[in-house]
Amino acid sequence: MTTTAAPGAQALAYEWIKFRSVRSTVWTTVATAVLPVLGAVFVATTGSLQSDDTVLGGSLTLSVVAQMLAAVVGALVMTGEYSSGTIQTTFAARPRRSTVLAAKAALVAGVMYVLALASCTLAYLVGDALLPEGRYAQGEPLPALFGIAASFAVAAVLGLAVGTLVRHSAGAVTTVIGLLLLPSLFGPLFGDAERWIAGLSPTAALEKLTQTSDAAADTVGSLGPWPSLLLVAAYTTVLALGALVLLRRRDV
């Protein structure tokens, strides 16, 4: 008796093969995983941790940069197909474009969640081992590390949505990094509204989850880390649905 895999499973397997075969995607993913650990070593060996910071926050100093790379990976998963022309083959093999986009979203979210959870946990353990015992507040790694990993997954899906809308690698990468950085950069221009503007950024949710001293209420808003993550996930979902609508209407 022969069994056939479900269309969604087939699409996911196909996307995984393509993901592993593109060097830019693979190396950016590797950098995403390595950066948090390197940041923990750097902070611990240079003694650059602020006195009011936490071991968790200090160990994950480079997690914001790593989150940006996760978003870039999401963008490249889509734009890479447009630049290489394989998107036509993909849609010919899988005419239901919603299945294609859902498979890509599940792939990048799953990969980034697992990698970020492992990498950021290791970074915390390295920082905890290297930093002087008792000098800094420990922070609460659990359940924060699961939320941190989820923020990477959300950033990757955000990048995928932008890549679907823009279709060009350079433009998509620039746009998604702007979405992550601009709220924090332009927030001070809005006076008392800074905390709300800056608090919309995925990086703000990440900083709150890492419990870094940089995540002050007057700069990233008073909304808690988990509600912030849910807010980012909500508008990322809306953007992804918008990208799906446009993807269905385009010829390619």
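Helices (H or I, at least four residues) and strands (E, at least two) are DSSP runs, numbered from the N terminus. The model is predicted: local features need pLDDT of at least 70 and side-chain atom pairs count only at pLDDT 80 or more, while totals for chains, interfaces and linings use all residues. Residues are numbered from 1 along each chain as its sequence is written, and side-chain values use heavy atoms, with hydrogens and water left out.

View 1. Along the principal axes, the C-alpha trace spans about 60 × 45 × 30 Å. Of the 252 residues, 46% count as buried; buried means under 20% relative accessible area, exposed over 50%, and partly exposed in between (1.4 Å probe, protein chains only). Among contacts (heavy atoms within 4.5 Å) with a separation of 6 or more, 78% join residues 24 or more positions apart. The accessible surface (Shrake-Rupley method, 1.4 Å probe) is about 12100 Å², and carbon and sulfur atoms hold 66% of this area.

**View 2. Helix H2 covers residues 23-46.** Its 24 residues reach 33 Å from first C-alpha to last, close to the 34 Å expected from 1.5 Å times one less than the number of residues. At Val-34 the helix bends by about 30°, and Pro-36 follows within four residues; the bend is the angle between axes fitted to the seven residues ending at a residue and the seven starting there. After H2, Gly-47 takes a positive phi of about 65°.

**View 3. Several helices cover the buried residues of H2.** These buried residues are Thr-25, Thr-28, Thr-29, Thr-32, Leu-35, Pro-36, Gly-39, Ala-40, Val-43 and Ala-44. An α-helix has 3.6 residues a turn, so residues three or four places apart point the same way. The cover includes H1 (7-21), H3 (55-59), H4 (63-84), H6 (97-130) and H7 (141-166).

**View 4. The largest nonpolar core has 59 residues.** Such a core is a set of buried Ala, Val, Leu, Ile, Met, Phe, Trp, Tyr and Cys residues joined through side-chain atoms within 4.5 Å. Leu-60, Ile-148, Phe-152 and Leu-160 have the most contacts inside the core. Leaving out residues up to four places away in sequence, Leu-160 touches Gly-74, Ala-75, Val-77, Met-78, Leu-101, Lys-104, Ala-105 and Val-108.

**View 5. Lys-18 is a buried lysine in helix H1.** The relative accessible area of Lys-18 is 14%. With residues up to four places away in sequence not counted, Lys-18 touches Glu-81, Thr-90 and Lys-104.

**View 6. A cis peptide bond joins Leu-142 to Pro-143.** Omega of this bond is near 5°. Pro-143 lies in helix H7.

**View 7. Arg-167 and Gln-211 show positive phi values in residues other than glycine.** Phi is near 75° for Arg-167, which sits in the loop between H7 and H8 (169-186). Arg-167 counts as partly exposed because its relative accessibility is 29%. For Gln-211, phi is near 60°. Gln-211 lies in the loop between H10 (202-210) and H11 (217-220) and is partly exposed, with a relative accessible area of 25%.
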